[in-house]
Amino acid sequence: MKQKRNTVQKGIVFDVFREMHNHPSAGMVYEAVHEKYPEISKATVYRLLAEAAQEGEVLRLKLVEADDRYDVTLGRHYHIVCRECGSVADVDATLDECEVLMNARGYENFLVEDVHMEFKGICERCRQNVENQN
């Protein structure tokens, strides 16, 4: 098996990523990295994040109406996406996915391999902006 090198660039990218704490997209990580280290290319940032997701080091969130985001929390959890600004936050909820499936219809001819649940709403900052405009 080919061993991956732990490059200086990888260390920089993931130091910046871990500082962000907001489920950033690859583009957001690149912008933050580029501010401090303009010599690191966009392709390098995207590749490193994709590899880390493929290797299970981070989660790649494939959201319905937003760019893919990355998450350091690896355990099973859910997310909420602001319908105004697109910010993403963790949802601390315990859902019995088997019970949900037992009450669902139409899956009978499928072998269920995964469940994806995404909440939509409006974040506090956007809600305050809307209230201030009224």
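## Basis of the model

The model is predicted, so local features need pLDDT of at least 70 and side-chain atom pairs count only at pLDDT 80 or more, while totals for chains, interfaces and linings use all residues. Residues are numbered from 1 along each chain as its sequence is written, and side-chain values use heavy atoms, with hydrogens and water left out.

Helices (H or I, at least four residues) and strands (E, at least two) are DSSP runs, numbered from the N terminus.

## The nonpolar core

The largest nonpolar core has 17 residues, and V13, F14, V45 and L49 have the most contacts inside it. Such a core is a set of buried Ala, Val, Leu, Ile, Met, Phe, Trp, Tyr and Cys residues joined through side-chain atoms within 4.5 Å. Here buried means under 20% relative accessible area, exposed means over 50%, and partly exposed lies in between (1.4 Å probe, protein chains only). The elements giving two or more residues to this core are α1 (8–20), α2 and α3. In soluble globular proteins, nonpolar side chains tend to be buried together.

With neighbours within four places in sequence left aside, V45 is in contact (heavy atoms within 4.5 Å) with V13, A26, V29, Y30, V33 and I40.

Strand β3 (residues 78–82) and strand β4 (residues 88–91) run antiparallel and are joined by four bridges. Two strands pair if DSSP finds at least two bridges between them. Within this pairing, V81 stands opposite V88 in β4. Five residues lie between the strands of the hairpin, where G86 takes a positive phi near 85 degrees.

D71 is found in strand β2 (residues 69–71). D71 is buried yet has no salt bridge, and the nearest side chain of opposite charge, R69, is 10 Å away. A salt bridge is a side-chain nitrogen of Lys or Arg within 4 Å of a carboxyl oxygen of Asp or Glu. The side chain of D71 does make polar contacts with the side chains of H77 (2.7 Å) and H79 (2.9 Å). A polar contact is a pair of N or O atoms within 3.5 Å; within protein, one must be able to donate a hydrogen and the other to accept it, and residues adjacent in sequence count only if both atoms are side-chain atoms. Apart from neighbours within four places in sequence, the contacts of D71 include F17, H23, V58 and D90.

E118 is found in strand β5 (residues 118–121). E118 is also buried without a salt bridge, with K120, the nearest side chain of opposite charge, 4.4 Å away. The side chain of E118 reaches the backbone nitrogen of V64 at 3.1 Å. Not counting residues up to four places away in sequence, E118 touches K62, L63, V64, E65, H79 and V81.

## Salt bridges

A search of the whole structure finds seven salt bridges. In one of them, the closest N and O atoms of K36 and E19 are 3.3 Å apart. This pair links distant parts of the chain, with K36 in helix α2 and E19 in helix α1, 17 residues apart. Both K36 and E19 are exposed.

R47 forms a salt bridge with E51, their closest N and O atoms being 3.4 Å apart. R47 and E51 are separated by about one helical turn because they are four residues apart in helix α3. Another salt bridge joins K62 to D68, with closest N and O atoms 3.4 Å apart. K62 is exposed at 53% relative accessibility, and D68 is partly exposed at 23%.

## Loop residues

Most residues other than glycine have a negative phi, and most peptide bonds are trans. H21, in the loop between α1 and α2, has a positive phi of about 55 degrees although it is not a glycine. H23 lies in the loop between α1 and α2 and has a positive phi near 50 degrees. H21 is exposed, with a relative accessible area of 72%, whereas H23 is buried at 8% relative accessibility.

E39 lies in the loop between α2 (26–36) and α3 (42–54). E39 is exposed, with a relative accessible area of 59%. The C-alpha atoms of E39 and Q9 are separated by 9.7 Å, and these residues are 30 residues apart along the chain.

Methods. Lys, Arg positive; Asp, Glu negative; His and termini not counted.
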